[in-house]
Amino acid sequence: LRVPSHPLDVLCQQLLGMAAQHPWSADEALTLVRRAYPYRDLSRGDFDGCLDYLSGRHREKHTWLPARLRWDDDEFTILDARTTRLLRRNIGTILAEEPRQVRLRNEEGGTMNDESRSSFRLIGEVDESFAERLQPGDRFLLAGRCLEFRHSEYSTLLVDEVIGKPAVPRWRGDGLPLAPELARRLYLLRIQAAEALREGPSVLADLLHRDYGLHGQALTELVTYFQRQECASEIPDAATCLVEVVNHERGTEYYVHTPLNRAGNDALARVATLRVARSHGHTVTSLVADLGFALLFSKATDIHADRWREILALDTFEADLCHALAESVTLRERFQCVAMTGLMLLRNPLGRRRRVGGPNWAERRLFEHVRAAAPEFMLLLQALREVREECCDADAARAFLIELPRLVLRCRRLPRVSPFVESWTQLAAGPVESVESPAEALQRLHAALTGSADIAGAHAR
Amino acid sequence: MRVNKDWLLTPQRAAIHLPTATAVIADLHLGYNEARRQAGEAVPQVELDEVIAALGSLLAVYEPQRLVIAGDLFEDGRCTTLAEAFLDWLRQAGPELLGIVPGNHDRGLKRSDSRLPIHSGGFSVGDWRVVHGDAKLPRQPVIQGHCHPRLRWGSRIAAPCFLIAARHIILPAFSTDAAGANVFRNPQWRSYRCWRHCRRRSARFRNGRCSPETTECVVSSS
């Protein structure tokens, strides 16, 4: 567990709450705020940035946002009763997705438009993430009814009531990634296991029993697991960085084994995808996990060990990581969360909710508007800081890259993914670098839909 | 991309009726940020020029003489200053604004500015009827907005698109603020055809596969 360091979005809510109570001078408020442990090191600049934002002021002192505070001489207080009402309706830092309405179709079926919406009976709501996974024909239980999903219109799920068994709802949780030290210890255990295995499976079994208290089926499974990895590929030792290469008809996949947890591998994958796209002109997707990351190419490629050293070079690592993060979906998603907590966006706005922009409007549009108008805006910087602290461990990645020149970098071609890769934990889609134009992407979509490999020339027109 | 004999579909999300040189666009949702500000959100204002930059590009490239708006010109029909600014912009840009068919977001539009050529029951362009699409459709061939069709495939491809049938064209939302509704694998649009910019290939979505005999959904690359 980690106490977040001076979260500025939360501070904005706090300052508004304080301003609703009585007028404050900036100095008084800063003194009080710094008494809270997470804000003990809060800089005056960050604090003033929050007050500027809440006062609608740009860093260059012109007005660019609606103000929530008003100033009388050197004291600030909440702007008006309407702002107090907004604060009461939206205070809190637990962010929930906007639910999706579920409506029962009428007997004639058909579609829903604004006129006929009332004839589709509202029977409840489900989470956005649950709704996203539903395919036509899927059944689920809501309000004591077994419902079959037909399709969605205007963010509403249209369903039929059916007789039968609904599927048991399931949600995929985001488990916590390994701590950096635990990842390193697991990597060392593998090395230790490889050394023991060279003297025979029984020696490895003795080691696992003696040092880790394993026995029975768990012991057998683990010994077999290490043996399978040695047979299929190798267990990298302390002096080796292993890259496993698997060729498919749909392209080439590279699996890089590291002693890092997911956050460390995330930083490596971001820089690697950026560099590969930049220098090779390939569109590349990635996977990140504890103890490794993968680069996936949609066409056959041959990246040898020397080229890998260039891709994983320490030079310009920080600059490349900054560039990759600035353009990342992760940053946009985090900005939306920060903007919500910082009350830039409201969960419960006044009047009708604006649905045209959809649930990710802030990621797509607000992010662009804010970045263009105020690249140093404190909620943008807060989002970037959170991404760097929580998703992307640049320090661990840098330490690995410093060590890498001393390691043997071995590329090993395999017919299929190795047991180590099969057992990667906390596997998640990583960054993507695309060098294709929108038209080329659509070509690819068409090829996937029609199963046609012959798309060359289709773009000519 | 030319469809249904007389219509040219453009990457700027407009359909141009070639015999009358009339461009039809829908769902501009001008004043979207302002509406969010009115609801209490602290979002920046966006200049009108920026919002309708694609319209400027449409006029420069295809030079339509006339313009019809198939509804939802504004996010909130009560913004009078925005209506005035839009009219000024059009006056300078050149095309004649033939008609505005009010959409469900344009309630109150008529009251706000009488200089706007409002046609509540729809507007005819050649044999086609321009409507917004939030009410029962007329019998004649229809071009409409309202649905904001978007083709989304996986997490990496999401593009506004046109949906086309023999007597029916659905325009993508002109507004880049609009999220759009995914038409991929949506049975509602199964009888509609799908075109892309490269005309050679066409496909109908069925269980994620395409059969080449149908198609018509032009995917905008802008």
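**Figure 1. Crossing of helix 12 and helix 14 of chain A in the predicted model.** Helix 12 of chain A passes helix 14 of chain A in a right-handed crossing. Helix 12 spans residues 329–341 and helix 14 spans residues 378–390; their axes come within 8 Å and cross at roughly 120°. The two helices of chain A are therefore oblique to each other. From helix 12 of chain A, the contact draws on A:Thr330, A:Leu331, A:Arg334, A:Phe335, A:Val338 and A:Ala339. These residues meet A:Leu379, A:Leu380, A:Gln382, A:Ala383, A:Leu384, A:Glu386, A:Val387 and A:Glu390 in helix 14 of chain A. By class, the residues of this contact divide into nine nonpolar, two polar and three charged.

**Figure 2. Packing of helix 11 against helix 14 of chain A.** Helix 11 of chain A, residues 317–326, packs with helix 14 of chain A at an angle of about 120°, and the axes are 11 Å apart. That angle makes helix 11 of chain A oblique to helix 14 of chain A. The crossing of helix 11 and helix 14 of chain A is right-handed. In helix 11 of chain A, the contact involves A:Glu318, A:Leu321, A:Cys322 and A:Leu325, which meet A:Leu384, A:Val387 and A:Arg388 in helix 14 of chain A. Five nonpolar and two charged residues form this contact, with no polar residues.

**Figure 3. Contact between helix 7 and helix 8 of chain A.** The axes of helix 7 (residues 201–212) and helix 8 (residues 216–232) of chain A come within 10 Å and cross at roughly 130°. Helix 7 of chain A passes helix 8 of chain A with right-handed geometry. The residues of helix 7 of chain A in the contact are A:Pro201, A:Leu204, A:Ala205, A:Leu208 and A:His209. In helix 8 of chain A, their partners are A:Leu219, A:Leu222, A:Val223, A:Phe226 and A:Gln227. This contact has eight nonpolar and two polar residues, and no charged ones.

**Figure 4. The second largest pocket and its lining.** About 610 Å³ of space lies in this pocket. The lining of the second largest pocket comprises 31 residues, and B:Leu30, B:Gly31, B:Tyr32, B:Val46 and B:Val51 lie nearest the centre. Helix 13 (361–373) of chain A supplies at least two lining residues, as does each of helix 1 (32–38), helix 2 (48–51), helix 3 (53–62) and helix 4 (80–93) of chain B. Helix 1 of chain B gives the most to the lining, with five residues. By class, the lining of the second largest pocket divides into twelve nonpolar, eleven polar and eight charged residues.

How values were computed:
Residues numbered from 1 in each chain as written. Chains lettered and ligands numbered in written order. Predicted model: local features only at pLDDT ≥ 70, side-chain atom pairs only at ≥ 80, totals over all residues. Heavy atoms only, no water. Axes fitted to C-alpha atoms, helices over the stretch in contact; angles between N-to-C directions. Helix = DSSP H or I, 4+ residues; strand = E, 2+ residues; numbered from the N terminus. Parallel < 35°, antiparallel > 145°, perpendicular 65-115°, else oblique. Left-handed = near helix turned anticlockwise from the far one by under 90°. Contact = heavy atoms within 4.5 Å. Nonpolar A, V, L, I, M, F, W, Y, C, P; charged D, E, K, R; others polar. 1 Å grid on protein atoms, 1.4 Å probe; cavity = no way out; pocket = protein on both sides within 12 Å on 5 of 7 lines; lining within 4 Å. Points joined across faces, edges and corners; volume = space filled by probe spheres on them.
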